[in-house]
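Subject: Structure handover

Hi,

Here is the structure for you to look at.

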Amino acid sequence: MQEVTLELPMFADMELTASKTARALGEQIRMSPDKIDEIRQAVIEACINAFEHSRAQDEKVRVVFKILGTHREPDGLQITVQDRGIGFAPGMLTPPDLKKKFGTGKRKRGWGLMIIKGLMDEVDIQSDEEGTRIVMRKMR
Amino acid sequence: MTESLKLSVDRRDGLAVIHTEGYINNQGGEEIARVAYELIDQGFKTLLLNLAGTKIVNSIGISILIEIIEKMLEIDGKLAFCNLTNTIEKTFHIMGLAQYAGIYADEGVAVAELAGG
């Protein structure tokens, strides 16, 4: 199993570094361009969620890319996005509803997890007071 | 290190097309909103965002586009999109944006449809 690990500081647009790595690995295992794009979008969302909400003291996000399967026959990509922030209760989150966001005068935020789940084949979210870990997979 | 978004505007009869080039993140979304609100102030009630030059967006940037849609609904106007990548279009569908904004394959189809409507 091949693995690439990035440790990203929480600076503006650092999510693009993770996105570029996802593209390189997706191309390496000959994923379709659309699937690669979907992974890139999901990785961007997971990173900016951590940047925006984790309040991690170390101000870093760790991203681990794993090629699933064998070198000769890769099956897909697994990406883990992890922070050491304050965590949240995934089960308590209500999926956003665009209709309900109109006319509130508030910002229309809160879409990240919905997008990640919509674009990836499998998503597992673990979160507690020691941080959050999102594991997502996309098969070839 | 922020990737700046480049915009250009093509004004037609009653319709303005905003062409984007680059990443639509927080700053990019704000820049599109600034241009869109200027066009609304100039009397344009139909805006078309041509994203041919945008291959990546993030949900913060999209959330600002939703605020433009909200504004257009308030003034009985329209915001539409064209030339989306498959993934951006899928993302818009996941978020439910497609219910409130037209999505067209290319600018020619969009302009014909919007000018006719």
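One term before the notes: contact means heavy atoms within 4.5 Å. Helices (H or I, at least four residues) and strands (E, at least two) are DSSP runs, numbered from the N terminus.

This is a predicted model, where local features need pLDDT of at least 70, side-chain atom pairs count only at pLDDT 80 or more, and totals for chains, interfaces and linings use all residues. Residues are numbered from 1 along each chain as its sequence is written, chains are lettered from A and ligands numbered from 1 in the order in which they are written, and side-chain values use heavy atoms, with hydrogens and water left out.

Helix pair in chain A

Start with H2(A) and H4(A). From H2(A), the residues in contact are Glu38(A), Gln41(A), Ala42(A), Glu45(A), Ala46(A) and Asn49(A). They meet Gly112(A), Leu113(A), Ile115(A), Ile116(A) and Leu119(A) of H4(A). By class, this contact has six nonpolar, three polar and two charged residues. Here Ala, Val, Leu, Ile, Met, Phe, Trp, Tyr, Cys and Pro count as nonpolar, Asp, Glu, Lys and Arg as charged, and the others, Gly among them, as polar.

The two axes come within 9 Å and cross at roughly 155 degrees. Axes are lines fitted to C-alpha atoms, for helices over the stretch in contact, and angles run from 0 to 180 degrees between N-to-C directions. H2(A) and H4(A) are therefore roughly antiparallel. The cut-offs: under 35 degrees is roughly parallel, over 145 roughly antiparallel, 65 to 115 roughly perpendicular, and the rest oblique. Their crossing is left-handed. That label applies if the near helix is turned anticlockwise from the far one by less than a right angle; clockwise is right-handed.

Helix pair in chain B

H1(B) (residues 26-41) and H2(B) (residues 59-74) pack at about 15 degrees, with axes 7 Å apart. That makes the pair roughly parallel. H1(B) passes H2(B) in a right-handed crossing. Their contact has ten nonpolar, three polar and three charged residues. Among the residues that meet are Ala33(B) and Tyr37(B) in H1(B), and Ile64(B) and Ile68(B) in H2(B).

Pocket and cavity

On a 1 Å grid over the protein atoms alone, a cavity is a set of points where a 1.4 Å probe fits but cannot get out, and a pocket is an open set with protein on both sides within 12 Å along at least five of seven lines; lining residues have an atom within 4 Å of a point. Grid points are joined across faces, edges and corners, and a volume is the space filled by probe spheres set on the points.

The largest pocket holds about 700 Å³. It has 31 lining residues, and Asn49(A), His53(A), Phe88(A), Leu93(A) and Leu113(A) lie nearest its centre. H2(A) supplies the largest share, six residues. The lining has 15 nonpolar, eleven polar and five charged residues.

One cavity of 30 Å³ or more turns up in the whole structure. Asp37(A), Arg40(A), Gln41(A), Lys55(B), Ile56(B), Thr85(B) and Thr87(B) line it. H2(A) gives the most, with three residues.

Glu59(A) sits in the loop between H2 and S2 of chain A. Asn83(B) is in the loop between S4 and H3 of chain B.

Best wishes
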